[in-house]
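Me: Got a model here that I'd like to talk through. Can you take a look?

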Amino acid sequence: PHLDIGVRLQAVRKSKGLSQRELAKRVGVTNSTISLIEQNKVSPSISSLKKVLDGIPISLADFFTMDLADTGDSPFYAAADQPDVGNNDIHYFLVGQHRANRQMCILREVMPPGSDTGETMLSHDGEEGGVIVQGQVELTVGDQVRVLGPGEAYYFESRQPHRFRNIGRDEAILVSANTPPTF
């Protein structure tokens, strides 16, 4: 299906409470330029579209993938509205995927028995934390190892090498958050 860039730009701009004039000022173009794009009278190149979107701000990826029906206004997310952004056998259900300018990543993680984030320890910018809802998760952070059960939690600087393993016989479920968002 053809993507209507003008309609989408107008919807995103309005969802941020920006006038055409305010957006034009931020981007350094005339408001008639913004108006022409929104009416689909001019078709911006990707680089000029990116420049306009930076003024909102919203990434090209979010602009093209966001679902207009979900303008990010609702604070509630049904299970069906949490896409699985995991790979391998661990499921990472992302909360608030389409919220513009998300400052954190909240995941409902489902780890089958024996699953593991990998031999190679993870390490990235930011901080992360979470709470075990069900199961037994062995968490390694740097040279510290602890088995966490329901109600127990963790919070650490993500640059420290870390690894999660479900060492129980049942599915482990945890709810985690990290900032800046990795997904």
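Predicted model: local features only at pLDDT ≥ 70, side-chain atom pairs only at ≥ 80, totals over all residues.

Me: Which residues are buried in helix 3?

Reply: I34, S35, I37 and E38, in a helix that spans residues 31-38. Buried is under 20% relative accessible area with a 1.4 Å probe, protein chains only, and helices are DSSP runs of H or I, at least four residues, strands being runs of E, at least two.

Me: Why are they on the same side of helix 3?

Reply: Because they cover an arc of only 160° around the axis, taken from the directions from the helix axis to the C-beta atoms.

Me: And what covers them?

Reply: The cover includes helix 1 (5-15), helix 2 (20-27) and helix 4 (46-54), where contact is heavy atoms within 4.5 Å.

Me: What follows helix 3?

Reply: N40, with a positive phi near 60°.

Me: Switching to the sheet: what's the strand order?

Reply: 1-2-8-3-6, an open sheet of five strands with antiparallel pairing; pairing takes at least two DSSP bridges between two strands. Strand 1 (91-95) and strand 6 (153-157) are the edges, each pairing on one side only.

Me: How many bridges join strand 2 and strand 8?

Reply: Seven, between residues 105-111 and residues 172-179, in the antiparallel sense.

How values were computed
Residues numbered from 1 in each chain as written. Heavy atoms only, no water. Buried < 20%, exposed > 50% of the residue type's maximum accessible area, 1.4 Å probe, protein only.
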